[in-house]
Amino acid sequence: MNMALNAQCHCEAVKFTVELSDNFETIRRCNCSFCRMRGAVAVSAPLLGINVYEGRDKLTEYRFNTKQAAHYFCSVCGIYTFHQRRSNPKQFGVNVSCIVGVSPFDFEKVPVMDGIQHPKDGGGGVTGYLCYEALNHK
Ligand SMILES: [Zn+2]
């Protein structure tokens, strides 16, 4: 496991630590209807790699389409913090811009994931893994 990094939303109501799955090797954008509007660069973390230690009650959840991915936002400043991934429900995607000292402009090239042709759109059930379990761990 990597070192825990400090992360927060813009207004600092939500603060969390994150241990990334594979440092910044997994950074990507996604071209699905939601991500292209959101515009954030994401990086992967295991579900237990995120610990929201402040402002958990300020997080609001958004789901759409298959409802498998759970996107979390600060309800005060509106900044996307992280989401439970649909293509790999055992992972969160984390907004790199929320990680203290990291900017999406730090990376020369950010790969684009093809979320329009999502592998999960061929069918398949809901994963059943509840996000809040991950958010409530110690
Ligand atoms: Zn905020």
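Thr81 is buried, with a relative accessible area of 0%; buried denotes under 20% relative accessible area, exposed over 50%, and partly exposed the range in between, with a 1.4 Å probe and protein chains only. The residue belongs to strand S8 (residues 80-84), where strands (E, at least two residues) and helices (H or I, at least four) are DSSP runs numbered from the N terminus. Leaving aside neighbours within four places in sequence, Thr81 is in contact with Cys9, Val14, Phe16, Leu59, Tyr72, Phe73, Val94, Asn95 and Cys98, contact being defined by heavy atoms within 4.5 Å.

## Basis of the model and overall fold

The structure is a predicted model, in which local features need pLDDT of at least 70 and side-chain atom pairs count only at pLDDT 80 or more, whereas totals for chains, interfaces and linings use all residues. Residues are numbered from 1 along each chain as its sequence is written, and side-chain values use heavy atoms, with hydrogens and water left out.

The protein contains two helices and 10 strands, arranged along the sequence in the pattern β-β-β-α-β-β-β-β-β-β-β-α. Of its 138 residues, 43% count as buried. Among contacts between residues at least 6 apart in sequence, 61% join residues at least 24 apart.

## The zinc site

The zinc ion is coordinated at 2.3 to 2.4 Å by the SG atoms of Cys9, Cys11, Cys74 and Cys77. Donors are N, O and S atoms within 2.8 Å of the metal (3.2 Å for Na, K and Ca); water is not among the atoms, so sites may look incomplete. The angles among the four donor atoms are 106 to 113°, and the site is tetrahedral, a label that requires all angles of four donors to lie between 85 and 135 degrees. The ideal angle for four tetrahedral donors is 109.5 degrees.

Along the chain, the zinc donors follow the spacing C-x1-C-x62-C-x2-C. Cys11 is partly exposed, with a relative accessible area of 34%, whereas Cys74 is buried at 2%.

## Nonpolar cores

The largest nonpolar core has 26 residues, of which Phe16, Val18, Ile50, Phe82, Val94 and Ile99 touch the most other members. Such a core is a set of buried Ala, Val, Leu, Ile, Met, Phe, Trp, Tyr and Cys residues joined through side-chain atoms within 4.5 Å. Two or more residues are given to this core by each of S2, strand S4 (42-46), strand S5 (50-54), S7 and strand S9 (91-95). The largest share, three residues, comes from S7.

Val18 touches Met3, Ala4, Leu5, Ala7, Ala45, Gly49, Ile50, Val94 and Ile99, not counting residues up to four places away in sequence.

## Aromatic pairs

There are nine aromatic pairs, counted where rings of Phe, Tyr and Trp (its six-membered ring) have centres within 6.5 Å; planes under 30 degrees apart are stacked, over 60 edge-to-face, and the rest tilted. The rings of Phe16 and Phe82 have centres 5.2 Å apart and planes at 75°, so this pair is edge-to-face. Phe16 in strand S2 and Phe82 in strand S8 are 66 residues apart, and both are buried.

Phe34 and Phe73 form an edge-to-face pair as well, at 6.1 Å centre to centre and 85° between the planes. Phe34 lies in helix H1 (residues 33-38) and Phe73 in strand S7, so the pair ties together parts 39 residues apart in sequence. Both Phe34 and Phe73 are buried. One aromatic cluster is formed by Phe34, Tyr62, Phe64, Phe73 and Tyr80.

## Two arginines

Arg38 is found in helix H1 and is buried, with a relative accessible area of 19%. Its charged end sits over the ring of Tyr80, 3.8 Å from the ring centre; the criterion is NZ of Lys or CZ of Arg within 6 Å of the ring centre and within 35 degrees of the ring normal. Leaving aside neighbours within four places in sequence, Arg38 is in contact with His71, Tyr80 and His83.

Arg63 is placed in the loop between strand S6 (59-62) and S7, and counts as partly exposed at 28% relative accessibility. With neighbours within four places in sequence left aside, Arg63 is in contact with Gln68, Ala69 and Ala70.

Note on methods
Four donors count as tetrahedral if all angles lie between 85 and 135 degrees; four count as square planar and six as octahedral if opposite donors are over 155 degrees apart and all others between 65 and 115; anything else is irregular.
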